Amino acid sequence: MRLTALFLALLPLPAFGDTLMTATEFDAYVTGKVMDFSQAGQVWGTEAYKTNRRVIWAFTNDECREGYWEAQDGQICFIEEDPNGPQCGRFYKTDTGVSVRYSGDPTESEMSTVTESVDGLGCPGPDVGV
């Protein structure tokens, strides 16, 4: 019992007032939006959320990757053009947008939205399309 309590005490927790989002809540919140995500104050990339759980992700100044997301074991998992497999994490609604803590991240660092819009996602690279 004490080991369980110790283990739970060591787990990183969301900030006070942040609410874990269900897949339905996540879908309702993100669909139609384009969000910039940052980690430790540095923007890492942008994701556009389309209907039917389709996504387009681009690391900052990189080519876009298409994919989709699905719910798995209480997490949101992104399956994209990535040989490393799905990226899964828990998403939280915050006072300023959304934050995510990805599974398997050894640093246990949190990414959060810095901007949200309904503008399109600019995709540099050879397959920019219309």
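## Hairpins

Strands S2 and S3 form a hairpin with two residues between them, and Ala-40 in the turn has a positive phi of about 55°. The model is predicted: local features need pLDDT of at least 70, side-chain atom pairs count only at pLDDT 80 or more, and totals for chains, interfaces and linings use all residues. Residues are numbered from 1 along each chain as its sequence is written, and side-chain values use heavy atoms, leaving out hydrogens and water.

S2 (residues 34-39) and S3 (residues 42-49) run antiparallel, joined by six bridges. Strands pair if DSSP finds at least two bridges between them. Phe-37 stands opposite Gly-45 in S3. S3 also runs antiparallel to S4 (residues 54-59), with five bridges. Here Ala-48 faces Ile-56 as its opposite in S4. This hairpin has four residues between the strands, and Asn-52 takes a positive phi near 60°.

## Helix H2

Just after H2, Gly-32 has a positive phi of about 90°.

## Whole chain

The protein chain has two helices and nine strands. These are DSSP runs numbered from the N terminus: helices are H or I, at least four residues; strands are E, at least two. Their order is α-β-α-β-β-β-β-β-β-β-β. Of 130 residues, 32% count as buried.

Methods: Buried < 20%, exposed > 50% of the residue type's maximum accessible area, 1.4 Å probe, protein only.
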